Amino acid sequence: KVEAAEESDVAPMTDMRTSSLLFEQQASYNRRQSGSRETLGSACCVRGEDSLRLEEFACKLPDWNFDMFEVAAATPRPLAFIGFVCLDAYSKLVDFDKQKLLNFLREVESSYRKVPYHNSLHGASVARAVHSFCAGCGLAFTQEFMEFTIVLAGLVHDVHHPGLTPSFLSRASASGRWKSKISPPLEEADMELALKYNDNSPLEHMHCAITFELLRKESCAFLSVENVATMRKPLIRAILGTDMAKHAETMTRLAALIDNLKHPNESSVPWHWPAKPPANADEEGRKVWERLAQEEFVVELFLHAADIGTPTLPFDQWCKWNGMVQQEFHCQGDREIQEFGELISPPAGFDRKAGVQAEHGFTKGFMQYLTLPLFELLHELSQIRSEDSVCEGVNISGCIENLRSNIERWESYVPERPAESEGEEDEEEKDSEAQRSSTTSVESGDSSPSGALASEVPSGASEGGGDSGAAATAAERLPAVTVSLAD
């Protein structure tokens, strides 16, 4: 990167703390020289001042606290914008066709379904987050294409997500046909995903399959066959690693990697077990193999961190994302009652009648027991001074600072029902089944788990029409936001 900067008359900077500035100077230079401004505006369906506004956003993307909702307000194609800017920044490391890249990004954005959370804005947000890890926090690899690969993985990691969890798909496919009507954004093919992939990360396998189908489509084949072959393994591994069913295994392997790096001369189970170097590899070959294996694992780790990392954003941004995921969970809970006659997912997160107190605890648990331990281990990994460590010097202290602050604020922010709703809450405790049977049908106003495309999401409150009083209470504390997810 420094050599590329020298060639383009940008002063080289080797200090890790200035790497972000160098990165953006080079990226900005590339865009000016290639005339990317016009192309960028075309990709995002904007012209004039809006196009200039997106150019301003492009220079701010490495900042971890950047607000993706500003991008959503400026363009109907946030994923195309984020994908083009972030991948174009690596154009001196990986050769690709820019026009076909635009075609690919449009296809990916269109392939994301109109669901409340796992939509194209989420894909764009995760890609932007991993770009920030690389350009802002100092994450780098000896294999230069890895940075390109992790951003690409972020863009496609949830493509065509139906807004339902694998446990729902598995239970629903057991009988062969769903009881409720299949209507957009759901498809008949969704019924077969769990069966097709034997309950083994069915959604993630589907995301991978769609991605590689698009990459070999003539109009979208922006990478050479050789580059696709090179990136295929780490790209698939990273996407499969976003399956929450693998979170515990990932944490165990991460802890083992930290232990191995801290105590290199002590005999212990290698973090990559049962994988091992080729039997005929000499000492140097073994080190090369272990380094490359660690880089692939780090790509997986940081994509997973970006995927569950919304609690590490500023509090107001995180509350908006939290409202969107609650809406999607509530829609699934409604469908579970329709399909199975009962909830099969945790009521505190999926039952829109569970109440704001239950939702508060559910959200706190996610922050405190999933996101925080992962980021703390990643921080510990980055502090290890070892030439064998891929992550040495990566600075995610800002992420952890935001996260701990958000947990503290969330603990002190305990939503309460208004006085007129207390009687309803007592009634729910007496007869929860009766309340569930009277839950507003998904078919009324919202015919599927898609939710509203332009919805007011109260920060941290129950969404989807279940607890209007609770929503009003939350809206008094934090302003609601209108999120446009139109193509």
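Mentor: Let us take helix H12 and begin with its buried residues, which are Pro202, Leu203, Glu204, Met206, His207, Cys208, Ile210, Thr211, Phe212, Leu214 and Leu215. Please bear in mind throughout that the model is predicted. Eleven of the 14 residues of H12 are buried, so this helix is largely enclosed by the rest of the structure. The cover over those buried residues includes H7, H9, helix H10 (166-173), helix H11 (193-196) and helix H13 (225-240). As for its length, H12 runs over residues 202-215, and at 1.5 Å a residue it should span 20 Å; the end C-alpha atoms are 20 Å apart, which agrees.

A pair of aromatic rings is described by the distance of the centres and the angle of the planes. For Phe96 and Phe148 the ring centres are 5.7 Å apart and the planes stand at 45°, so the pair is tilted. Phe96 and Phe148 are both buried. Together with Phe104 and Phe222, they form one aromatic cluster.

The whole structure holds 16 aromatic pairs. One of them joins Phe57 and Phe66 in an edge-to-face arrangement, with 5.7 Å from centre to centre and 75° between the planes. Both Phe57 and Phe66 are buried. Rings also take part in another kind of arrangement: the charged end of Arg128 sits over the ring of Trp64, 5.8 Å from its centre. In a further case, the charged end of Arg171 sits over the ring of Phe340, at 4.7 Å from the ring centre.

Helix H8 (residues 120-135) has 16 residues and reaches 22 Å from its first C-alpha to its last, close to the 22 Å expected at 1.5 Å a residue. Of its 16 residues, 16 are buried, so H8 is likewise largely enclosed by the rest of the structure. The N-terminal end of H8 is capped by Asn119, with a side-chain oxygen 3.1 Å from the backbone nitrogen of Leu121.

Two loop residues complete the picture. Thr75 belongs to the loop between helix H5 (68-74) and H6. Its relative accessibility is 2%, so Thr75 counts as buried. A polar atom of the Thr75 side chain lies 3.0 Å from the backbone nitrogen of Arg77. Ser268, by contrast, is partly exposed, with a relative accessible area of 40%. Ser268 is found in the loop between helix H14 (247-262) and helix H15 (283-307), and it touches Asp259 and Asn260, leaving aside residues up to four places away in sequence.

Finally, these details may be set against the chain as a whole. The chain has 22 helices and two strands, and 56% of its 487 residues count as buried. Among contacts between residues at least 6 apart in sequence, 76% join residues at least 24 apart. The chain exposes about 20900 Å², of which carbon and sulfur atoms supply 49%.

Methods: Residues numbered from 1 in each chain as written. Predicted model: local features only at pLDDT ≥ 70, side-chain atom pairs only at ≥ 80, totals over all residues. Heavy atoms only, no water. Helix = DSSP H or I, 4+ residues; strand = E, 2+ residues; numbered from the N terminus. Expected span 1.5 Å × (residues − 1). Buried < 20%, exposed > 50% of the residue type's maximum accessible area, 1.4 Å probe, protein only. Polar contact = N/O pair within 3.5 Å; in protein donor to acceptor, adjacent residues only side chain to side chain. Contact = heavy atoms within 4.5 Å. Areas by Shrake-Rupley, 256 points an atom, 1.4 Å probe, with all protein chains shown as cover. Phe/Tyr/Trp six-rings, centres within 6.5 Å; stacked < 30°, edge-to-face > 60°. Lys NZ or Arg CZ within 6 Å of the ring centre and 35° of its normal.
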